[in-house]
Amino acid sequence: MKGLIYQLKSVWKDKFCIMSFLLPIVAAMLLNIAGSIDLSSLGEYYFCVVDGEVTDETREWLMGYGDVTVCPTREEWLSAIREPSTNLIGVEGSGEGIRTVLAGDELPIWQQAAATLPALYEQRKAAAEVSIQTLEQPDVLAGFQFIFIAMILIVAMFMGCTFNAMNIISEKEDGVALINEILPMTPRQYVIQKIFVGFVLGCLSAMVTAAICFKLSPAGAAAMFVLTVLSAFVAALAGLFVGRISEGMMTGAAYIKIVMIIFMAVPLLKYLAVGGNKVLSYICFLIPSSAAFEGIMDLANGGMATAGKDMVILAVHGIGWFLLYLFLSGRQKKNM
């Protein structure tokens, strides 16, 4: 118990650990807010005309496609079009039609709209006779929000790896590791002591993040809880291995970055690229975060078909890596 209290005290002294705990929660809150922002205005067109140079009919027609800015003079009209921070499409009369003016630095979609606009204006009477059905504006972030949330949850679960690795490396540099080696403590007791704090904090961070981002049914919440616990346990074990092989803080930080990139890149690659290839998909499950990501995405989409399988995969990872670390620790102690 004293060892656990010592580990908890070290958390408050480690700003990197506190940041790792709070960062996923803050990111989840921001993503939750961003999901409720209406981004439909980003797809609107903006036109600019000179007062008195286009008819009221033309102005009303342009307002059907976007926002219309009226400039009192032609100089202000040209200045507004040339402004680099805007994508204004200048519109002026040309006989019975219209002509568009661009600065040349607009996005391609605005350039295409400007090129098409005069032809649309010529056919406006024929177009008015066609019945128009207005479809619901799709959510810009709908297809990616769950992926972002799943990645944030994996980062939250990974917090245990970061803390455990840095804690072991710090003890090596301070000489505490030499004292631990001669204490009457079994490898199992050492692993539990080292893994406890990182595991608990990783679970808490992931659970708070999931509570902010998801509204799950009781069964879905229970499945998410199990996935979170198993994933945080495996991540905490990964921190023990990183701390074991690292000689210093710089080396440990590099290893942590490599492991974190693998934990995030492999499940994303499996989901986006190799999901249809069963062989590659099974190979990806060698990285435990692939099972966690798949289970989170399944629960986020309202299903539970693969969550049970993913729990079993994570449990096998946890037992396997735990026994391997006990074996290596016991072997090291025998050789001393």
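This is a predicted model: local features need pLDDT of at least 70, side-chain atom pairs count only at pLDDT 80 or more; totals for chains, interfaces and linings use all residues.
**Entry 1: A223**

I began with the contacts of A223, setting aside neighbours within four places in sequence. Which residues does A223 touch? A223 is in contact with L299, M304 and M311, where contact means heavy atoms within 4.5 Å. Residues are numbered from 1 along each chain as its sequence is written, and side-chain values use heavy atoms, with hydrogens and water left out.

A223 lies in helix α11. Helices (H or I, at least four residues) and strands (E, at least two) are DSSP runs, numbered from the N terminus. Is A223 buried or exposed? I found A223 buried, at a relative accessible area of 4%. Buried means under 20% relative accessible area, exposed over 50%, and partly exposed in between, with a 1.4 Å probe and protein chains only.

**Entry 2: α11 and α14**

Next I looked at the helix pair. Two packed helices are described by the angle between their axes and the distance between the axes. The axes of α11 (residues 218-245) and α14 (residues 288-300) come within 10 Å. They cross at roughly 165 degrees. Axes are lines fitted to C-alpha atoms, for helices over the stretch in contact, and angles run from 0 to 180 degrees between N-to-C directions. The two helices are therefore roughly antiparallel to each other. On this scale, angles under 35 degrees count as roughly parallel, over 145 as roughly antiparallel, 65 to 115 as roughly perpendicular and the rest as oblique.

Which residues meet here? From α11 I listed G220, A223, M224, L227, S231 and V234. From α14 I listed P288, A292, G295, I296 and L299. The contact residues divide into eight nonpolar, three polar and no charged. Ala, Val, Leu, Ile, Met, Phe, Trp, Tyr, Cys and Pro count as nonpolar, Asp, Glu, Lys and Arg as charged, and the others, Gly among them, as polar.

**Entry 3: V316**

I then moved to helix α15 (residues 307-335), where V316 is found. V316 counts as exposed, at 54% relative accessibility. V316 and L230 are 86 residues apart along the chain, and their C-alpha atoms are separated by 9.7 Å.

**Entry 4: the sheet**

In what order do the four strands of the open sheet lie? I read the order as β2-β1-β3-β4, with mixed pairing. The edge strands are β2 (66-71) and β4 (97-101), and each pairs on one side only. The twist averages 35 degrees from one strand to the next. Two strands pair if DSSP finds at least two bridges between them.

β1 (residues 45-50) and β3 (residues 89-94) run parallel, joined by two bridges. F47 stands opposite I89 in β3. β3 and β4 run antiparallel, and five bridges join them. In that pair, G90 stands opposite V101 in β4, and V91 stands opposite T100 in β4. The hairpin of β3 and β4 has two residues between the strands. In this hairpin, G95 takes a positive phi near 65 degrees.

**Entry 5: helices across the sheet**

Helix α3 (residues 56-63) lies across β1, β2, β3 and β4. Its direction is at about 140 degrees to β2. Helix α5 (residues 108-122) lies across β1, β3 and β4, running at about 170 degrees to β4. I found β4 mostly covered: four of its five residues are buried.

I picked T58, which is placed in α3. T58 is buried, with a relative accessible area of 4%. Not counting residues up to four places away in sequence, T58 touches I98 and Y121.

**Entry 6: whole protein**

Last, I took the totals. The protein has 15 helices and four strands. Of its 336 residues, 41% are buried. Among contacts between residues at least 6 apart in sequence, 70% join residues at least 24 apart.
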